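Hi everyone, thanks for coming along. Let me put the model up on the screen, and then we can walk through the fold together.

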Amino acid sequence: MSEAELKKAEASLVVNALEKDDFLVVLDENGKMLSSVQLAGFLQQRANESSKNLIFLIGGAYGLDPAILKRANHSWSLSALTFPHQLVRLILSEQVYRACTILRNEKYHHN
């Protein structure tokens, strides 16, 4: 498959798996960068809005198809750097954990 065909196929799988009310956050190099405190606020806002499912989507090897970007509720950039997918999963997990500790005023996060 070409890059465009692969991205389109991935987009189709993702869009078909999403529920109408899912809040989709795509990790994209052109997305908005957030500090850990800003991420905590973002998660709190989703909770306040009673977002049922918050979905974080890491793009494929060739990035995200325009159909996914159109469906996304928010586009988030972890960094201007490029990371391998395995590392992005780790960074994403750690940042969500850190944001939750910020929301609970735990000692893990130091301002």
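Predicted model: local features only at pLDDT ≥ 70, side-chain atom pairs only at ≥ 80, totals over all residues.

Residues are numbered from 1 along each chain as its sequence is written, and side-chain values use heavy atoms, with hydrogens and water left out.

Helices (H or I, at least four residues) and strands (E, at least two) are DSSP runs, numbered from the N terminus. Two strands pair if DSSP finds at least two bridges between them.

Now, the sheet. Strand E1, residues 23–33, pairs with strand E2, residues 54–58, in the parallel sense over five bridges. Within that pairing, Leu24 stands opposite Ile55 of E2. E1 is also joined by five bridges to strand E3, residues 74–77, and these two run parallel. Here Met33 stands opposite Ser77 of E3.

So what is the strand order in the open sheet? The three strands are arranged E2-E1-E3, with parallel pairing. E2 and E3 stand at the edges with a single partner strand each, so one side of each has no neighbour in the sheet. From one strand to the next, the twist averages 45°; angles run from 0 to 180 degrees between N-to-C directions, and axes are lines fitted to C-alpha atoms, for helices over the stretch in contact.

Next, the helices. H2 packs on the sheet, touching E1, E2 and E3, and its direction makes about 155° with that of E1. Contact here means heavy atoms within 4.5 Å. Helix H4, residues 85–103, packs on the sheet too, touching E1, E2 and E3, with its direction at about 150° to that of E2.

How do the two helices meet? The axes of H2 and H4 come within 8 Å and cross at roughly 75°. That makes H2 roughly perpendicular to H4 (the label covers 65 to 115 degrees; under 35 is roughly parallel, over 145 roughly antiparallel, and the rest oblique). The contact residues include Leu39 and Leu43 of H2, and Val96 and Ile102 of H4.
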